[in-house]
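I opened this entry to look up pockets and cavities. Overall shape comes after that.

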Amino acid sequence: MNKNLWYKNAVFYQISVRSFKDSNGDGRGDLRGILEKLDYLQTLGVNCIWLMPIYPSPLNDDGYDIADYYKIDEAYGSLDDLKELIKSAHEHNIRIVMDLVLNHTSDAHPWFQQSRSSKDSPYRDYYVWSDSNEKYKDARIIFVDTETSNWAWDEKAKQYYWHRFYSSQPDLNFDNPKVQEEMLSVARFWLDLGIDGFRADAVPYLFEREGTNCENLPETHAYLKKLRKFIDDNYPGRILLCEANQWPEDVRPYFGDGDEFNMGFHFPVMPRIYMALKKENFIDIKEIMQRTPPIPENCQWCTFLRNHDELTLEMVTPEERKWMWEQYAPDPRMKSNLGIRRRLAPLLDNHRRKIELANSLLFTLPGSPIIYYGDEIGMGENLDLPDRNGVRTPMQWDNSPNAGFTSGKTTSEFVKGELSYEYVNVASQMNDPDSLFNSMKRMIAVRRKHDAFGSSSMEWIDTGNSAVAVYIREYEDDTMLILNNLSGSVQTLKLPAEYQKSYIDLFAGDSHIFNEELTLQPYAYLWLQMEK
Ligand code: NOJ
């Protein structure tokens with residue numbers, strides 16, 4: 001495979017820098033902390049990390065409110081620390097992408113401060129101002145728990161400004177060519193430092209047009225293509241990963257003709273994995289995969305089970321959303337906007353087999369998987385913390401005071417109860433061959449050995465048993481047959497005649513002929529390679 005297509009077969013790992021590892025005892029995670037843990041990440045087997053925002057920020061939205069695009073918040077370290085981290089990560093065969101927040105800045109950003117100060121400011125047109133708050137009425141509100149309008153009145157400017165997220169995050173005005181240029185400069189700055197690409201935040205919302213919902217507009221795609229061309233021309237092999245929480249047919253245009261994003265998160269498949277586990281039926285996953293249009297050869301989906309936000313339920317019907325809340329958010333504190341602010345392990349009742357099964361789906365469905373830090377050991381959540389902070393608690397390295405996260409006094413609260421660091425931590429799991437960590441490590445190793453998992457091929461096999469998701473993944477002459485028992489009971493099935501062949505079990509290493517009735521234990525999964 002062309003080495004510039006590395007992302008097609010990579011395993012990603014998402015890090016909240018603030019929460020991962022503190023190297024200097026100030027109680028906050030930092031870049032040097034990650035540096036100390038590269039061996040750990042290499043042992044787990046991931047080969048690209050996504051760093052959540054490290055820019056200076058008032059932290060109203062945990063760093064997605066940027067006050068300076070060209071600096072690193074001192075709490076996280078310096079530009080030299082980042083350079084060293086990139087260098088060392090590359091020596092560990094790990095790439096690093098970071099957040100690029102195009103759509104908005106913090107209201108503390110000097111651009112906004114100048115913009116609001118006078119109509120004559122050269123920065124006035126960096127943002128979207130209006131005398132009326134009646135424009136763009138068809139645009140939905142995203143943070144429904146806190147915002148009542150996408151317009152906010154600014155006393156200083158004596159006008160309204162447009163914002164899709166918190167009112168402290170004014171939207172940049174991409175109709176202004178200077179804004180477009182600024183953001184290319186920002187990208188250039190970090191690419192010159194050696195970063196391997198960007199997870200581009202909130203891209204559907206760059207432009208506003210009357211009479212539309214102000215999402216996925218042609219102007220937005222045109223600009224993103226410019227950004228991609230700039231990267232390809234100057235930094236081949238670096239990538240753009242698209243955060244567009246949209247239906248597959250609406251994400252599809254973000255790949256363009258292979259000339260827009262290299263990767264895009266597959267949002268809608270995620271809640272359907274949880275639906276499948278509750279319903280003990282694969283049909284929702286199958287339907288969404290069949291609704292997913294093909295993407296260009298040089299593109300890849302990015303699949304995930306959880307991330308730093310709420311488990312979003314935007315890409316389900318209102319009935320399904322209600323059902324998901326009933327099933328997975330019994331405590332009202334678990335609800336957040338249109339989602340559920342919980343971690344993977346507690347969502348799945350800390351049931352080891354269910355957690356592994358969910359990961360088996362993650363690793364074998366089309367796309368490159370991303371693991372949210374801490375989910376490889378089954379960390380819990382802290383519902384007492386506001387907003388989405390309950391799923392961004394410090395990484396649980398060991399059972400010493402402060403979880404081995406910091407030698408100082410932590411500024412963030414830990415998880416409490418049965419999933420706290422006393423019981424769930426890296427040190428104990430690395431030593432235990434039967435731990436979740438070691439199962440994850442095995443899955444990642446197998447996944448990375450076979451290009452079939454990174455290919456676009458997927459064929460569903462009908463066995464007449466709707467509780468077992470069975471499919472073929474294929475690349476050249478390497479064919480995988482995957483079976484996932486979504487149910488809490490033993491399932492039997494018989495493969496169709498054409499698949500009754502000899503396979504190697506990729507975990508046990510032995511080979512079997514599957515021509516008889518096959519039995520799967522509750523939540524069991526089988527990854528089989530067809531013998532040639
Ligand atoms: C998406 C990010 O994932 C989320 O954390 C953030 O609040 C919004 N974009 C706004 O930047």
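I began with the largest pocket and sorted its lining by class: 10 nonpolar, seven polar and two charged residues. For the classes, I counted Ala, Val, Leu, Ile, Met, Phe, Trp, Tyr, Cys and Pro as nonpolar, Asp, Glu, Lys and Arg as charged, and the others, Gly among them, as polar.

I note the source here: this is a predicted model, where local features need pLDDT of at least 70, side-chain atom pairs count only at pLDDT 80 or more, and totals for chains, interfaces and linings use all residues. Residues are numbered from 1 along each chain as its sequence is written, and side-chain values use heavy atoms, with hydrogens and water left out.

I looked up the volume of the largest pocket next and got about 300 Å³. Of its 19 lining residues, Thr292, Pro293, Pro294, Pro366 and Ser456 are the closest to the centre. Helix H10 (283-290) and strand S10 (300-304) each give at least two residues to this lining.

Grid points are joined across faces, edges and corners, and a volume is the space filled by probe spheres set on the points. Helices (H or I, at least four residues) and strands (E, at least two) are DSSP runs, numbered from the N terminus.

I then searched the whole structure for cavities of 30 Å³ or more and found three. The largest cavity has a volume of about 310 Å³. It is lined by 22 residues, and Phe143, Phe165, Glu243, Asp309 and Arg388 are the closest to its centre. I sorted this lining into eight nonpolar, six polar and eight charged residues.

The second largest cavity has a volume of about 50 Å³. Its lining includes Arg306, Asn359, Tyr372 and Met440. Helix H13 (352-364) and strand S14 (368-372) each give two or more residues to that lining. S14 has the largest share, three residues.

Last, I checked the whole chain. I counted 15 helices and 22 strands. Buried residues (under 20% relative accessible area, 1.4 Å probe, protein chains only) make up 64% of the 532 residues. The C-alpha atoms fill a box of roughly 80 × 50 × 45 Å along the principal axes.

Methods: On a 1 Å grid over the protein atoms alone, a cavity is a set of points where a 1.4 Å probe fits but cannot get out, and a pocket is an open set with protein on both sides within 12 Å along at least five of seven lines; lining residues have an atom within 4 Å of a point. Buried means under 20% relative accessible area, exposed over 50%, partly exposed in between (1.4 Å probe, protein chains only).
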